[in-house]
Amino acid sequence: MRRILLSTAKILISAALLYLALRKVDLSELLSRFTLTSLFWIGIAIAVTFLQIFVGVLRWRQISAECGAPLELGRAMRYNVIGSFFNQTLPSAIGGDAVRLWLVARAGAGWRAATYSVFVDRAIGLVALAILIAASLPWSYTLITDPHGRSALLLVDLAALAGGLGFLVFGALKWQWLKMWWATHHIHACAVIANRVIFSRRRGPIVAILSLIVHGLAAVVAWCVVQSIAAPVRFSDVFLLVPPVMLITMMPISIAGWGLREATMGLAFGFAGLAASEGVNISLLFGAVYFIVGAIGGLVWILSAEKAAQGSAPIGVPE
């Protein structure tokens, strides 16, 4: 019952935020801007999204190897593409992560190693996104002149940085009682692995670069969407505004970020002195691109060996 209530709440929040955001959009005017060139740019956006997934796979493999759950490149790519489908269909912002975890565990890595690999991958991605936003603050403050917008941006980034750095500091603690409680034991173990990955001379630079590329490619996807409707928006605007929006969209209060992303993008564009309606237009098409990629992920899932073996093959749980 609790899950049903939470899912219903997220659906209602998504619907309400979408309704409020779409009040600023003239859908007929948006459709009139589509041409054959638009389809070309949407196709490029889809290709860049798959590239983003691939770069994410390269990072995940580095982390999963450290967690004792090594993954072949093809298998990891398939799992991430399948995860993109469940990100769009499950009533949670982390539905794809849960499915990736299940697939890795089912492949024989075990629940612990699978959970650690996915959790640490998500945590490092969040830390990298917060650092990217913090590093771009001087330029963001030049773009965003509204004091409320500046305060909101700083508050969101500080909260993300505090959470990420707090997680890493937690992993550096040596207190024995942290290993006695179930929750603290596993969170501490994940934090230890995150520290080991980030500060590794071999893996650290690779993971850092891959993480920044993943977030940079999200801005490239948004830029392709901008080009598809010939919106009067510069790449620098997109690069500075999309990362904070993606950070806020990670909040698990809507379905696949729908509604929350559109409302936040419209607000961000307004704070930057751009047309809020263009922000919503770009967000809708941005979400549509990821929806199409998710649909392709659904086909991969239907045709996959994992789907065919669902419920028949045992799950190994090695310690």
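1. Patches are made of residues with over 30% relative accessible area and no salt bridge, where like charges are joined within 9 Å and nonpolar side chains (Val, Leu, Ile, Met, Phe, Trp, Tyr) within 5 Å. Accessible areas come from the Shrake-Rupley method with a 1.4 Å probe, and for residues only the protein chains shown count as cover. With that in hand, look at Trp175, Trp177, Met180 and Trp181, which make a nonpolar surface patch of about 550 Å². Trp181 sits in the loop between α8 (147-172) and α9 (182-198); helices here are DSSP runs (H or I, at least four residues), numbered from the N terminus. Its relative accessible area is 55%, so Trp181 is exposed.

2. **What you are looking at.** Please keep in mind that this is a predicted model, where local features need pLDDT of at least 70 and side-chain atom pairs count only at pLDDT 80 or more, while totals for chains, interfaces and linings use all residues. Residues are numbered from 1 along each chain as its sequence is written, and side-chain values use heavy atoms, with hydrogens and water left out.

3. Side chains of opposite charge can pair when their charged atoms come close. A salt bridge is a side-chain nitrogen of Lys or Arg within 4 Å of a carboxyl oxygen of Asp or Glu. By this rule the model has 11 salt bridges. One of them joins Arg196 to Glu66, with the closest N and O atoms 2.8 Å apart. Arg196 lies in helix α9 and Glu66 in helix α3 (residues 36-66), so this pair ties together parts that are 130 residues apart in sequence. Arg196 is partly exposed at 39% relative accessibility, and Glu66 is partly exposed at 23%.

4. Asp121 forms a salt bridge with Arg100, and their closest N and O atoms are 3.4 Å apart. This pair links distant parts of the chain, with Asp121 in helix α6 (residues 111-135) and Arg100 in helix α5 (residues 95-109), 21 residues apart. Are these two buried or exposed? Asp121 is buried, with a relative accessible area of 4%, and Arg100 is buried as well, at 6%. Salt bridges that share partners join Arg59, Asp97, Arg100, Asp121 and Arg122 into one network. Elsewhere, Glu262 and Arg261 form a salt bridge with closest N and O atoms 3.1 Å apart, and both residues are buried.

5. **Helix α3 from end to end.** The expected span of a helix is 1.5 Å times one less than its number of residues. At the start of α3, a side-chain oxygen of Thr35 reaches to within 3.3 Å of the backbone nitrogen of Thr37. Following α3 comes Gly68, whose phi is positive, near 80°.

6. **Helix α4 and its neighbours.** The 17 residues of α4 (residues 73-89) should span 24 Å, and the end C-alpha atoms are 25 Å apart, which agrees. Its buried residues include Tyr79, Ile82 and Phe86. Against which helices do the buried residues of α4 pack? They pack against α3, α5, α13 (276-303) and α14 (305-308).

7. Leu260 is found in helix α12 (residues 260-271) and is buried, with a relative accessible area of 9%. Contact means heavy atoms within 4.5 Å. Leaving aside neighbours within four places in sequence, Leu260 is in contact with Leu17, Ile248, Thr249, Met251, Ile253 and Ser254. Thr264 also belongs to helix α12 and is buried at 13% relative accessible area. Not counting residues up to four places away in sequence, Thr264 touches Val245 and Ile248.

8. Most residues other than glycine have a negative phi, and most peptide bonds are trans. Ala230 has a positive phi of about 50° although it is not a glycine. You will find Ala230 in the loop between α10 (203-228) and α11 (235-249), where it counts as exposed at 63% relative accessibility.

Methods: Helices (H or I, at least four residues) and strands (E, at least two) are DSSP runs, numbered from the N terminus. Buried means under 20% relative accessible area, exposed over 50%, partly exposed in between (1.4 Å probe, protein chains only). A polar contact is a pair of N or O atoms within 3.5 Å; within protein, one must be able to donate a hydrogen and the other to accept it, and residues adjacent in sequence count only if both atoms are side-chain atoms.
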